[in-house]
Amino acid sequence: MSTITASYNVTPNEPTPNVSLWLSESDQVARWSHTSTIYIYKENQTQNALERMRDSLSKILVHYHPLAGRLTWLEGGKVELNCNGKGVTLIEAESQKTMDDYGDFAPSEKLKNELIPPVDYSQPIEELPLLLVQLTRFKKGSSNNNNNNQLGLAIGVAFCHVLCDGLAAIRFINAWAKLTRGEVLDSIEMFPFLDRTIMNSTYPPRAPRFDHPELKPLPLKLGTTDTIEEQKKEKTAVILRLTSQQVEKLKKKTNDERPQKEETLRPYSRYEVIASHIWRCASKARELEDLQPTVVRVSADIRNRLNPPLPRNYFGNALAVALTPKCHTKELITNPLSHGAQKIREAIELLNDEYIRSQLDFIRCHEQLDRIRASYLDQGEPKNAPFYGNPNLTIVSWMSMPVYEADFGWGKPGYFGPGAVYPDGKAYIIRSSDEDGSLVVSAHLQTAHKELFKKFFYEDI
């Protein structure tokens, strides 16, 4: 268990604008609860760590002042961001466990309760901090452990998803870390672009130009009429690692097995290959019927997909989602891996400027956003997230995010990943801290499917 030793409310150290910030449709449909991530550090040089973090946090909040604000409800399930400078929460804690006791840091309820800052959702939304950070020091290892002098620490982060997407959150953390280690912010990407009205390109809203199945109910498990029973089943998370050689082997196998008519196309990417592999392994582990329809939801950063593009340092939710063409389990399992990879690619390629703006107009046309919010992103806390699991998947790529630049002065993190167990069917693909082309997959599944999924994951490589 962990014991909280100090808790601070940190506010910007200079006056900031006291205004209401307009939120885009992409912000409005994000879950208003918090997304949890965790950084693990092996280094021991943590003297005055919290004091330095607290001081630099008050400085960085001058630039990122919306983070110190609060949300409030509007009509139709919409929210508004009040930049009132109320502050963010910074917590210090001590764990009674060693770093080794946590194993591979696979998300679990115990890990979340001990290393992720708690959010009290019984409070009114107007009182909830939008950012909470917990620094937890691990207990020293036993004398018979080769790492007996290694203490290490964890930084758990709870970020309100309405504020921004993962890339913007990571850039904030990296800028904060840079200030903490005594350096200056010397890149435009470290200073946020806060004007979200550039996402409001069509007013009044146009009628959607596409059907947008990604915002409608997904295929149900055959023989069921809802997801109630599936949601009740115990879920777990598993961490799986792929060496760079295994990644390249999967890519070569997938591209070599392409049908002749597809050989002139560009090779399948790491994401398309690994996502197809996860999809097929999950379908096999779930032991679904041959004619079970199944789809994968993908999301993409739209900063460079819009025309004109958004600024690289845009601070907000710049995400759009798409759905693969529907296929049957037998079709997915019996065909080469390239079959699933092609369907993943088709979903990604949907997300051009016209499709994205049609999706935003689809959202804008709804006076009540609650249903759309439940259909769009499932990034919030598990208890609040919609169900996109069995027989479907949501596969998120964090491979391009600079997560290992979060050096607060005691070295780069040795691990980064989700800090909570999310609904069945959620998977993240993350670069390894080794920075050698190896990958980490954090897969969130029903407990009953875990061992078979692990078996097929490595057996099929």
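The domain bounds used here come from an automatic or database domain assignment. On that basis, the protein is divided into domain 1 (2–199) and domain 2 (213–460), and the C-alpha centres of domain 1 and domain 2 lie 25 Å apart. The model is predicted, and the values below should be read accordingly.

**Domain contacts**

- Between the two domains, 69 residues of domain 1 are in contact with 61 residues of domain 2.

**Largest pocket**

- The volume of the largest pocket is about 840 Å³.
- Its lining comprises 35 residues, and those nearest the pocket centre are Ser299, Asp301, Ser397, Trp398 and Ser400.
- Classified by residue type, the lining of the largest pocket holds 18 nonpolar, 9 polar and 8 charged residues.
- Several secondary-structure elements each supply at least two lining residues, among them strand 3 (34–41), strand 8 (153–160), helix 7 (270–285) and strand 14 (393–397).
- Helix 4 makes the greatest contribution to this lining, with 5 residues.
- Because domain 1 (2–199) and domain 2 (213–460) both give residues to the lining, the largest pocket lies between them.

**Nonpolar cores**

- In soluble globular proteins, nonpolar side chains tend to be buried together.
- The largest nonpolar core in this model contains 72 residues, and Leu67, Ile155, Phe172, Trp176 and Phe408 have the most contacts inside it.
- Helix 4 provides the largest share of this core, namely 9 residues.
- Domain 1 (2–199) and domain 2 (213–460) both give residues to this core, so the core lies between them.
- Apart from neighbours within four places in sequence, Trp176 is in contact with Met53, Ser56, Leu57, Ile60, Leu90, Val133 and Phe408.
- A second, separate core has 50 residues, including Val298, Leu332, Ile356 and Phe457.

- Tyr458 is located in helix 12 (residues 450–459).
- When residues up to four places away in sequence are not counted, Tyr458 touches Leu240, Arg241, Leu242 and Gln246.
- Tyr458 and Cys281 are 177 residues apart along the chain, and their C-alpha atoms are separated by 9.4 Å.

Terms used
Residues numbered from 1 in each chain as written. Predicted model: local features only at pLDDT ≥ 70, side-chain atom pairs only at ≥ 80, totals over all residues. Heavy atoms only, no water. 1 Å grid on protein atoms, 1.4 Å probe; cavity = no way out; pocket = protein on both sides within 12 Å on 5 of 7 lines; lining within 4 Å. Points joined across faces, edges and corners; volume = space filled by probe spheres on them. Helix = DSSP H or I, 4+ residues; strand = E, 2+ residues; numbered from the N terminus. Nonpolar A, V, L, I, M, F, W, Y, C, P; charged D, E, K, R; others polar. Core = buried A, V, L, I, M, F, W, Y, C linked by side-chain atoms within 4.5 Å. Buried < 20%, exposed > 50% of the residue type's maximum accessible area, 1.4 Å probe, protein only. Contact = heavy atoms within 4.5 Å.
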